[in-house]
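Please open the structure in your viewer and keep the selection tool at hand. Each stop below says what to select and what is there.

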Amino acid sequence: MSNVAEQVKKIVVEHLGVEADKVTESASFIDDLGADSLDTVELVMAFEEAFGVEIPDDAAETIQTVGDAVSFIESKAN
Amino acid sequence: MFDLTNKRALVTGATGGIGEGIARALHAQGAVVTLSGTREAKLEELAASLGDRVFIQAANLSDRDSVDALVPAAEEKMGGLDILVNNAGITRDNIFMRMKDDEWDSVLEVNLSSTFRLCRAAIKGMMKRRSGRIIGITSVVGVTGNPGQVNYSAAKAGMIGMSKSLAREVASRNITVNTIAPGFIATAMTDELNDKQRESILTSVPAGRLGSVEDIAAAAVYLASDEGGYVTGQTLHVNGGMAMI
Ligand SMILES: NC(=O)c1ccc[n+]([C@@H]2O[C@H](COP(=O)([O-])OP(=O)(O)OC[C@H]3O[C@@H](n4cnc5c(N)ncnc54)[C@H](OP(=O)(O)O)[C@@H]3O)[C@@H](O)[C@H]2O)c1
């Protein structure tokens, strides 16, 4: 697992209070991890802070799974 | 009770009667306060009379860029924002049939749209900190209506509806959103009324007197305090009984 993926996972576990092994790449924040819409906004804010990237609203709306978040952040870092 | 030490507040319309009263009361409870308005000289004067723990940040709430810059500037000055008081407001009265588009637009812009934008800017930091207080100064006429004020009462009713929806969205994050609805409050404006006008107003107020800015400020202190933390989505009517809702 990449560095970004590991950090994303850690943030998700902390923020949503879910078991680490549930946070798979295909896990959907809302459908699988019990997030509500406000949680997803907060997760995006936490990612922005942790990775020093800006995630505009239209991009944030496309980030629905753990994998979506990882690939968006990796694409920004490259 | 109602200690606001280390809380950081932004008060719009602090150059006006009620805003100054609210700013003074929050400050007296220990809050750090950023005063906003368009008149810089008046802001400086008020800041000087309050002493320490005070910042000023002028902003024109009919200008969207100026609105959007206000909360970040206040956050930078104070190191964050815990209490947002949307108090600035204008009237452009006219009977409905003569109401001009610009009278409608300017009142909606300053009284309602700027409030939306300031809340949007403030909420992010409050969500992160898992605490916050948003207080809007609406008006009794936003609930009862008043001839000659379709624009003003629409904007004030809009504030109430907006606050309720926002309150529901952020309640789980320990952020409360409420409005205060003053009745007739003695300010520079009401000083200009003659005795006859004053008398006729008072016949509609069971308490038999105009309210004071302190009456409104006390309500703001309560809603801003930790003790007021279970009150959200409410409109606190401070009107001497002129409307019991
Ligand atoms: N007084 C009452 O009986 C009463 C009753 C019900 C509700 N209210 C509400 O209470 C609030 C305060 O009223 P008040 O009696 O204290 O009125 P006020 O003395 O006329 O003060 C109005 C304040 O709003 C600010 N303001 C106006 N237009 C602005 C703009 N474009 N940009 C930035 N600031 C602007 C003014 O700042 P500058 O002067 O620096 O431009 C001033 O500080 C208002 O929302 C009003 O609707 C008052």
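This is a predicted model: local features need pLDDT of at least 70, side-chain atom pairs count only at pLDDT 80 or more; totals for chains, interfaces and linings use all residues.

Residues are numbered from 1 along each chain as its sequence is written, chains are lettered from A and ligands numbered from 1 in the order in which they are written, and side-chain values use heavy atoms, with hydrogens and water left out.

**Stop 1: a covered strand**

Select residues 83-86 of chain B, which form strand β4. Helices (H or I, at least four residues) and strands (E, at least two) are DSSP runs, numbered from the N terminus. Both faces of β4(B) are covered: B:I83 and B:V85 on one side, and B:L84 and B:N86 on the other, are all buried. Buried means under 20% relative accessible area, exposed over 50%, and partly exposed in between, with a 1.4 Å probe and protein chains only.

Two strands pair if DSSP finds at least two bridges between them. B:L10 has B:L84 as its bridge partner in β4(B).

Between β4(B) and β5(B) the chain passes through helix α4 (residues 101-129) of chain B, in a right-handed β-α-β crossover. Right-handed means that, with the strands pointing away from the viewer, the path from the first strand over the helix to the second runs clockwise.

**Stop 2: where chain B meets chain A**

Show both chains. The contact (heavy atoms within 4.5 Å) takes eight residues from chain B and nine residues from chain A. About 650 Å² is buried between them, with carbon and sulfur atoms giving 54% of that area. Buried area is the accessible area (1.4 Å probe) that two parts lose on being put together, summed over both. Select B:M127, B:K128 and B:R173: in chain B they lose the most area to chain A, together 64% of what that side buries.

How many salt bridges does the rule find across the interface of chain B and chain A? There are six, each a side-chain nitrogen of Lys or Arg within 4 Å of a carboxyl oxygen of Asp or Glu. One of them joins B:R173 to A:E42, with the closest N and O atoms 2.9 Å apart. On the side of chain B that touches chain A, α4 and α6 (150-170) each supply at least two residues, and α4(B) gives the most, with three.

**Stop 3: two buried residues**

Select B:T138, in the loop between β5 and α5 (141-144) of chain B. B:T138 has a relative accessible area of 2%, so it is buried. Its side chain reaches the backbone oxygen of B:K156 at 2.9 Å.

Then select B:L26 in helix α1 (residues 17-28) of chain B. B:L26 counts as buried because its relative accessibility is 0%. Leaving aside neighbours within four places in sequence, its contacts include B:V11, B:V33 and B:V85.

**Stop 4**

Most residues other than glycine have a negative phi. B:F2, in the segment before β1 of chain B, has a positive phi of about 60°.

Notes. A polar contact is a pair of N or O atoms within 3.5 Å; within protein, one must be able to donate a hydrogen and the other to accept it, and residues adjacent in sequence count only if both atoms are side-chain atoms.
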